[in-house]
Protein chains: 2
Amino acid sequence: MSRSLTLAAAQMGPVQRDTSRDEVVDRLIVMLQDASELGAELVAFPELALTTFFPRWHMPLEEADHFYEREMPNRYTKPLWDEARRLGIGFALGYARLGENGQRHNVYHLVDPHGETVNVFEKVHIPGHAEHEPWRQFQHAERHYFTPGDDFPVSEAFGGIVGMALCNDRRWSETYRVMGLQGVELILIGYNTPLAYAPDPTQNPLQAFHNHLVMQAGAYQNGTYVVGVAKGGFEEGVESLAQSVIIAPSGQIIAQAITTGDEVIVARIDLDHTRFYKTTLFDFERYRVPAAYRRITEQRGVARSGDGV
Amino acid sequence: MSRSLTLAAAQMGPVQRDTSRDEVVDRLIVMLQDASELGAELVAFPELALTTFFPRWHMPLEEADHFYEREMPNRYTKPLWDEARRLGIGFALGYARLGENGQRHNVYHLVDPHGETVNVFEKVHIPGHAEHEPWRQFQHAERHYFTPGDDFPVSEAFGGIVGMALCNDRRWSETYRVMGLQGVELILIGYNTPLAYAPDPTQNPLQAFHNHLVMQAGAYQNGTYVVGVAKGGFEEGVESLAQSVIIAPSGQIIAQAITTGDEVIVARIDLDHTRFYKTTLFDFERYRVPAAYRRITEQRGVARSGDGV
C-alpha cells in the first residue's frame with residue numbers, strides 16, 4: 001500500500017430541535033476521539049450535523065436564522081476544531097451557512113489535520129420544494145432555505161485528491177463525473193434522507209437500495225473511493241435512513257454502519273487502488289466521447305430534437 | 001396499466017467461428033417464436049448476434065470482411081425478418097456493419113412489428129485496443145474493427161420512447177443521461193463481456209456485480225426501463241458473462257436469465273411507470289444544474305483547473 005489513508009465515517013443519530021449545539025459538538029468530539037483511536041486520519045460527519053434537519057418545517061427565513069452558522073469555527077464548534085488539531089486528525093462537517101452577503105448555502109467544510117480549511121463545498125442539487133406544501137406529512141423545503149452551488153471542486157489533501165457532495169447530489173451521475181474528470185480519488189458525502197418520500201411512496205421501501213446503488217455506481221464509474229455518512233433514527237418524529245458506508249473504486253462496500261445512531265466506521269484504504277479503474281476500463285482520455293454528450297450541458301430538462309435542441 | 005408492453009430478452013449461448021449464419025438465424029427464430037408465445041411484442045437479441053465475437057482475434061480488416069453485414073436484411077437474416085413480421089413482433093439485432101462508405105460500425109438494429117426499420121444505433125464507447133497486444137490470452141481489438149458512433153438517438157416506437165446502446169456503452173453514465181434528456185422510457189442494450197479482463201484481473205470476480213450495477217443505476221437515475229441481453233458460455237474457449245436482465249425504472253431487476261445459453265426471459269412492463277421517477281426525484285427541468293456539469297462536455301480526459309481547463 002503506497003498511499004495508505006485511514007478513513008472514518010461518523011454517523012449520527014437524531015438531533016432534536018431543542019438539542020443545543022454544545023450537546024451536538026460533545027457527541028462529535030466523542031466520535032472524533034473514537035475514530036482517532038481506530039487510527040483514522042480523516043473523519044466525515046453528516047450533512048447539517050449541528051442542528052436538526054430544519055427544512056422539515058417551512059418558516060420565514062428570518063425565523064430560521066438561528067439554524068445557520070455565520071462563521072466557522074464559532075464559539076460552539078471551536079472545541080471540535082481544537083480537539084481535532086490536538087489529535088492531528090482532519091474532518092468534514094456539514095452545516096447551514098449564512099454568508100455575509102446574505103446567501104444561504106448547505107455546506108460541507110473540509111478541515112486538514114492542522115485545523116486549516118481545505119475547502120467549503122456548497123451543495124449543488126437542492127431537492128424538495130420552495131413553497132409550503134400542506135399536503136405533506138412533513139416539509140422538505142430545502143429549496144426555500146438554500147441557494148444551489150454550481151461547482152464540484154476537488155482539493156489536494158490527505159495525500160490524494162478529495163472532493164465533496166451533499167445528500168441529493170449523490171443521486172446524480174454528473175456529481176461523480178465532474179469530480180472524476182478532475183482525477184478525484186475520494187469523495188465525501190454527508191446526507192439526511194427521510195425514509196418517507198411523500199411525492200411517491202412506492203420509493204419508500206427502496207431508500208436503502210437506491211442510496212447504495214448510486215454511490216456504488218459513482219465510485220465504480222469514476223474509479224474513486226466514496227464515503228457516505230448519514231443521520232439516522234427518529235428526528236422530530238421523522239425517520240431517517242442511516243446506512244453509512246465506505247465504498248471502494250470497485251463499487252464494493254468495504255465498511256458499513258449497522259445501527260441508526262451515533263456510530264463510527266473505519267477503513268484503511270490505498271488511494272493508489274483507484275488506478276486499477278482509472279487506467280483501464282475508465283481511462284477517460286482514451287474512451288470518452290464528449291461529442292455524444294452535448295445534451296448534458298446544453299439542456300436542463302427533457303427535450304427532443306424536434307423541440308429545437 | 002395504461003401503456004403496457006410485453007418485452008423479451010433473448011440471451012444467446014456461444015456462436016463458434018465455424019457456426020454458419022443460417023444456424024444462428026435458426027436459433028434466433030426459435031427464441032422469437034418462444035417469446036411470441038409468451039406474449040412478447042418486442043425481443044432484444046445480443047450484440048454481434050450473427051457471428052462469433054471476432055474482435056478476440058486481431059487480423060487485417062480485409063480478412064475480417066466476412067464477419068460484417070453489407071445490407072440488412074440479407075439472404076441469411078431474411079427468414080428472421082419474415083417470421084417476425086408474420087408474428088407481428090418487433091426486435092433488436094446486433095451485428096457488425098460494413099457501410100457503402102467503407103465505415104465499420106458495431107450496430108444495433110431496431111425493427112418494428114411490420115418489419116420496418118425504426119433505427120440503427122452505432123456503438124459509441126468502443127472498448128479494448130486497436131493494435132495487436134500479444135501479451136493478452138485473447139485479444140479485445142474492437143478499436144481495430146469499429147469506428148465509434150457519436151449519438152444516442154431515441155425513437156417513438158412500441159408505444160413509448162425507445163433508445164439503444166451496446167455493451168461497453170452501458171458502463172458510462174452519459175449513455176443513459178443523454179437518452180434520459182430525450183425522455184427515454186426503454187433502453188435496449190446488447191452485450192458480449194468476457195469474464196476475464198486482461199488489463200486488471202482483480203475485476204474478473206466482479207463482472208456480474210458491475211454489469212448489473214451500471215444498468216440498475218442508469219435505469220433509476222433516468223426513470224427508464226433497461227433491457228440488458230448477453231451472449232454467455234464458452235465461445236472459442238473464452239467464457240462470457242450471461243446474466244441478462246430486465247430492469248424497472250426503480251432500478252429493480254424484474255426478470256433475469258439463469259443459464260449461460262439460449263434463454264428467453266420476459267416481463268410485462270407499464271411505460272407509464274417511468275413517470276414515478278421522471279416527475280419526482282428526477283424531474284430534470286426542476287433539479288438539474290448544467291452550469292456545474294461543463295467539464296463533461298468541455299474535456300475528454302482528466303484535467304484540473306491548473307491544467308488550463
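In the predicted model, B:Gln243 lies in the loop between β12 (238–240) and β13 (245–247) of chain B, where strands (E, at least two residues) and helices (H or I, at least four) are DSSP runs numbered from the N terminus. Phi of B:Gln243 is near 60°, a positive value in a residue other than glycine, and at a relative accessibility of 25% B:Gln243 counts as partly exposed, a class lying between buried (under 20% relative accessible area) and exposed (over 50%), with a 1.4 Å probe and protein chains only. A positive phi, near 50°, is also found at A:Glu236, likewise a residue other than glycine. The position of A:Glu236 is in the loop between β11 (233–235) and β12 (238–240) of chain A, and A:Glu236 is partly exposed, with a relative accessible area of 32%.

Because the model is predicted, local features need pLDDT of at least 70 and side-chain atom pairs count only at pLDDT 80 or more, whereas totals for chains, interfaces and linings use all residues. Residues are numbered from 1 along each chain as its sequence is written, chains are lettered from A and ligands numbered from 1 in the order in which they are written, and side-chain values use heavy atoms, with hydrogens and water left out.

Cis peptide bonds, with omega near 0°, occur from A:Met72 to A:Pro73 and from B:Met72 to B:Pro73. In chain A, A:Pro73 belongs to the loop between β3 (68–69) and α3; in chain B, B:Pro73 belongs to the loop between β3 (68–69) and α2 (78–87).

Two packed helices are described by the angle between their axes and the distance between the axes. In chain A, helix α1 (residues 21–37) packs with helix α3 (residues 78–87) at an angle of about 10°, the axes being 10 Å apart; axes are lines fitted to C-alpha atoms, for helices over the stretch in contact, and angles run from 0 to 180 degrees between N-to-C directions. The helices α1(A) and α3(A) are therefore roughly parallel to each other, the term for angles under 35 degrees. On the α1(A) side, A:Val25, A:Leu28, A:Ile29, A:Leu32, A:Gln33 and A:Ser36 meet A:Pro79, A:Leu80, A:Glu83, A:Ala84 and A:Leu87 of α3(A), contact meaning heavy atoms within 4.5 Å. In chain B, helix α1 (residues 21–37) and α2(B) pack at an angle of about 10°, with axes 10 Å apart, and are therefore roughly parallel to each other.

Between the chains, the contact takes 68 residues from chain A and 68 residues from chain B. The area buried between chain A and chain B is about 6600 Å², of which carbon and sulfur atoms give 58%, buried area being the accessible area (1.4 Å probe) that two parts lose on being put together, summed over both. Of the area that chain A buries against chain B, A:Trp172, A:Arg300 and A:Arg304 supply 11%, more than any other three residues. Six salt bridges are counted between chain A and chain B, each a side-chain nitrogen of Lys or Arg within 4 Å of a carboxyl oxygen of Asp or Glu. B:Arg288 forms a salt bridge with A:Glu174, the closest N and O atoms being 3.0 Å apart.

B:Val154, in strand β7 (residues 154–157) of chain B, is buried, with a relative accessible area of 11%. Not counting residues up to four places away in sequence, the residues that B:Val154 touches include A:Arg304, B:Ile161 and B:Met179.

Technical notes. Angles under 35 degrees count as roughly parallel, over 145 as roughly antiparallel, 65 to 115 as roughly perpendicular and the rest as oblique.
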